[in-house]
Amino acid sequence: MSAVTGADLREAADEMTRVLLPHRERDWSVPAGSLSWSCWTTTAHVAHDLLAYAGQVTGRPDDGYLPYDLRVSPDASPTQVLTVVQACAGLLAAAVDAAPPDARAWHFGPCDPVGFAAMGVAETVLHTHDVTLGLGVRWQPPQRLSALVLRRLFPDAPAGAAPEVLLWMTGRGELPGRARRTSWVWRAAVD
């Protein structure tokens with residue numbers, strides 16, 4: 001299995017749009033699954049994180065996040081918010097693909113471009129799952145993207161179907177014979 005790339009980020013954003021866009025007329029003010037955020041806010045959060053990760057990869061700070069933030073207009077429709085996600089995924093994809101593999105930037109320690117790509121894919125597919133729960137849509141993260149995320153961010157993940165394991169690792173699902181997780185941290189830092 002290869003490292004997480006810009007193409008994987010674009011695929012995750014495309015999947016989010018494919019799954020959620022048909023439901024753009026629903027009430028996106030409802031909570032996204034078990035989160036306290038609305039479906040709209042959760043989707044805007046994905047865009048925020050993707051842009052923040054792109055800034056980290058290109059700015060390469062070694063002591064914290066760059067002091068800027070994405071503000072999605074509160075009047076933006078769900079379609080527009082999904083377009084912002086696509087734009088931010090494209091920015092992170094370009095940053096990851098252009099960065100040398102030995103580049104490092106801060107994410108609770110030094111993180112490589114592949115780690116930022118994996119976090120971007122994880123944020124996108126996990127929060128797509130949250131929003132689909134809020135909107136009452138059956139969906140689970142794609143197998144290949146889930147496996148990439150597990151390999152890079154959760155090296156201690158148990159064996160099993162990657163989507164179910166990813167949801168369990170992040171407190172969003174059940175695995176037979178294992179207690180539901182109530183806290184978790186992924187391992188993005190390297191070195």
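Ser146 touches Pro141, Ala162, Pro163 and Leu166, leaving aside residues up to four places away in sequence; contact means heavy atoms within 4.5 Å. Ser146 is buried, at a relative accessible area of 0% (buried is under 20%, exposed over 50%, partly exposed in between, with a 1.4 Å probe and protein chains only). Ser146 lies in helix H5. Helices (H or I, at least four residues) and strands (E, at least two) are DSSP runs, numbered from the N terminus.

The model is predicted: local features need pLDDT of at least 70, side-chain atom pairs count only at pLDDT 80 or more, and totals for chains, interfaces and linings use all residues. Residues are numbered from 1 along each chain as its sequence is written, and side-chain values use heavy atoms, without hydrogens and water.

Helix H5 spans residues 143-153, and helix H1 spans residues 6-20. Their axes come within 11 Å and cross at roughly 130 degrees. Axes are lines fitted to C-alpha atoms, for helices over the stretch in contact; angles run from 0 to 180 degrees between N-to-C directions. H1 and H5 are therefore oblique to each other (under 35 degrees is roughly parallel, over 145 roughly antiparallel, 65 to 115 roughly perpendicular, the rest oblique). From H1, Asp8, Glu11 and Ala12 meet Arg144, Leu145 and Leu148 of H5. The residues of this contact divide into three nonpolar, no polar and three charged.

An unreviewed UniProt entry places the feature "domain: Mycothiol-dependent maleylpyruvate isomerase metal-binding" at residues 9-131. Over residues 9-131, the chain is 59% helix and 3% strand. The end C-alpha atoms are 18 Å apart.

Note on methods: Ala, Val, Leu, Ile, Met, Phe, Trp, Tyr, Cys and Pro count as nonpolar, Asp, Glu, Lys and Arg as charged, and the others, Gly among them, as polar. UniProt positions are given in the numbering used here, feature names are shortened, and annotations may be inferred rather than shown by experiment.
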